[in-house]
Amino acid sequence: MTDGDPASPATEAVRELRAGFGIDARRIDRIGLLLADGGFHTVEEAVSRTGTSRRTVEAVFRALEPHLEAEGDGRRIAERYVGEYRELFGEPVEVPDPWAERVRRDPASLAEMDALVGAAPPPVQALDHVPATAETVLKRARFMLDGFDLRGAHVLCVGDHDLTSLGLFAAGGAEGLRVSVADIDERLLAFIDGEASRRGWDVRCYAADLRLGLPVSLRESSQLVFTDPPYTPEGVGLFVARGLEGLGDQRNGRVLVAYGYGEQQPALGLAVQKALNPLHLAYEAMLPGFNRYVGAQAIGSTAALYVLRPTKRTAGAVRAAAEDPRAAMYTHGAQSVEAGAGALDDAAAARVVELASAEDPLLVGDGWPAKAAGRRVPLREFMAAPLPRGLQGHGTVLVNLYPGFGASAVRALLAANAPRVGLVCRNDLPFLRDAEGQREFRRLVGPGYRVERMLRGIPSSGMALVLAERNDRPADAAERVLAYIHARAHGKVGNGWREGLIALRKADGQTLTKAESRRAIESVADRPGLLERSLIDLPAHLLAVLEAQVRRSVEALPD
C-alpha cells in the first residue's frame, strides 16, 4: 500500500494477524473497520466498541501502525489507505440485538438507569467490581421480563453492584414483582434501598458474605436468580451455588449468570464451566457479548449471559457444595485466591485469651492453633443460626475474622449473644481507622454490646482486637426493646420487636397484648419485608432505620 505497493509490511502483518485467528478473524475486521471510519479512536474505545480484549486490540494497532494517523491518544487509518484496507476487512457485519433494540425504544428508562448507574457508589477493586453499562442493565431486565412471567414472582440478585435489581423496575417491572439483593457492600445496599424506597419499588436488601452462606429467609424463596460474580472459578461456583440455594422452584426456575473471558483464553472459560459441572446444571443458552462494562478490558469489556436450569441432581449437589465453603474467590485483596490464611500463632492466640480474660472460651472461625484451649465452631455455622445448647453458656466468645471476614464484625457480635466477645480482624478496616468509624461501630452494636477496647496492632502486627461486653444497662425504654431484638438476632425482627414491647410493659407492671404490640409496630414500620427479615441480615443503614422506628413504636404504645 505504501507508495502503491499492495504488499507492504504493514499489510502482511495484518494478514498474518487475521490468519492467526482463523474463522474468528471477524474480530480483527471489526477493529480495522472502526479505524477506517474516519474518526480517531483510542485503544480503550476500540475495546468497548468491538468487545475484543485489550491485548488483541493493541496487536491490531501495532500491525496497522505504519498506516495510522494520530490525534492525541486516538488513531485512524490514513485516508489514502482506507479503500484498500476496507477491501481486506470486507463489509461490516452487524448482528441484530433484539434486547438492545427494546432498550433503545425506551429512552426515558435508559436515561433513568444511566442516572442511577452514575450516582451509584464507586466500584471496590477488592470485590472485583466492574460496573455494567446502563444499557446492559436494562437489557438484562428486558431479557427477564420478556422471557419469563414475573408477575407475583420473587427475583434474587446474588450480588448486585450493577443495580440489576433497580433495572427490573426501571424497565417497567411486573405486577407484584419482588426483588431481593444479597451483597456484602454496605454502601451499595444503602444506595439500592434508598433509591428503591423513594420510587416505591419492592427491593429488599440483605447484608451477606456469601462465603458464609445465604441469609436463611432467602433460601428456597425465589423463582429466578441473577448473578454477575467474581470471574474466578471459585467465585462463579460459589455465587451460582448460593443462587441455587435461593431458588424455590427447582423444576421451572432459572439462574442467569454473566461471565466473560478473553477471546484467546478459552482455558479460563473451561475452568469456570468445570467449577459449575458438579452442580449438574443444564445450559439452556449462552448469549455471547450480551453484557458490556466500563472497564474489564482484559475480557474486551464484555461478557456472555448464561441461562442455567437445575436438574434432579442439582439440589443434592448444592447441599454438598455448602459443606465445602470457599473462603477466597476474588482476584484482589484479603479475600483473593492468592491471599494467605488467617492463622494465629500460639503467642497471638494466648494474647487474645489473656486480654479477653477468657476461661474456657468458645473459639469461632479458622486459624486457632491446636494448643488453644476452648470449644470450637466454624464461622459459617456460628453466623447461620443460634448456637446449639451444647455450645451455649460460654462466658466469652472469641471470633477470628482475620484477614478477610472483617466486614462481618457487626454481625459477629449479633450472632455471639454472650456476656463477653472478642473479635480478631485486620487493623485497617473502616470501623477501626478513625474516630468517626469507631463511633459508628459503637452506635450500631450499642443496644446489644458496649465496646470496651479497640486495640490495633494486637495480638500481632496488622491485626486488631475488639473487646465488647453485653449491654446490661439500656439507656432508655427504646434501647431496652432494641436489646431484646439484638439478643435474638437470628430470629425475625417482627417477632423480637413484638415480644420486646410486651416485655417492656411487663417490666413496668403493665400488660400489653400481642395485638396492641403489632398495631404499634405496624403504625411505624415502612420498609417492605423488614419485619420478616432477621436482624443479623439487615444492612447497617437499616439498623439505624430500625432504631428510629422502634423509638416511635414505644411512643405509640397505648397508655
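Helices α2 (residues 26–35) and α3 (residues 43–50) have axes that come within 10 Å and cross at roughly 125°. Axes here are lines fitted to C-alpha atoms, for helices over the stretch in contact, and angles run from 0 to 180 degrees between N-to-C directions. That makes α2 oblique to α3, because angles under 35 degrees count as roughly parallel, over 145 as roughly antiparallel, 65 to 115 as roughly perpendicular, and the rest as oblique. On the α2 side the contact is made by Arg30, Ile31 and Leu34, and on the α3 side by Ala46, Arg49 and Thr50. Contact means heavy atoms within 4.5 Å.

A word on the source. This is a predicted model, where local features need pLDDT of at least 70 and side-chain atom pairs count only at pLDDT 80 or more, while totals for chains, interfaces and linings use all residues. Residues are numbered from 1 along each chain as its sequence is written, and side-chain values use heavy atoms, with hydrogens and water left out.

Helices (H or I, at least four residues) and strands (E, at least two) are DSSP runs, numbered from the N terminus. Two strands pair if DSSP finds at least two bridges between them.

Now the sheets. Within it, β3 (residues 154–158) and β4 (residues 178–183) pair in the parallel sense over 5 bridges, and Val158 has Ala182 of β4 as its bridge partner.

Another open sheet has 6 strands, ordered β11-β10-β12-β13-β15-β14, and its pairing is mixed too. The edges are β11 (375–377) and β14 (449–456). Strands β12 (residues 396–400) and β13 (residues 420–426) run parallel, joined by 5 bridges. Val399 stands opposite Leu423 in β13. Helix α18 (residues 435–445) packs on this sheet and touches β13, β14 and β15 (463–470).

What about the cores? A nonpolar core is a set of buried Ala, Val, Leu, Ile, Met, Phe, Trp, Tyr and Cys residues joined through side-chain atoms within 4.5 Å; buried means under 20% relative accessible area, with a 1.4 Å probe and protein chains only. Which residues have the most contacts inside the largest nonpolar core? They are Phe382, Phe441 and Trp497, in a core of 60 residues. Helix α16 (residues 409–416) gives the largest share, 7 residues. Apart from this core lies another, of 43 residues, including Val137 and Cys157.

How values were computed
Buried < 20%, exposed > 50% of the residue type's maximum accessible area, 1.4 Å probe, protein only.
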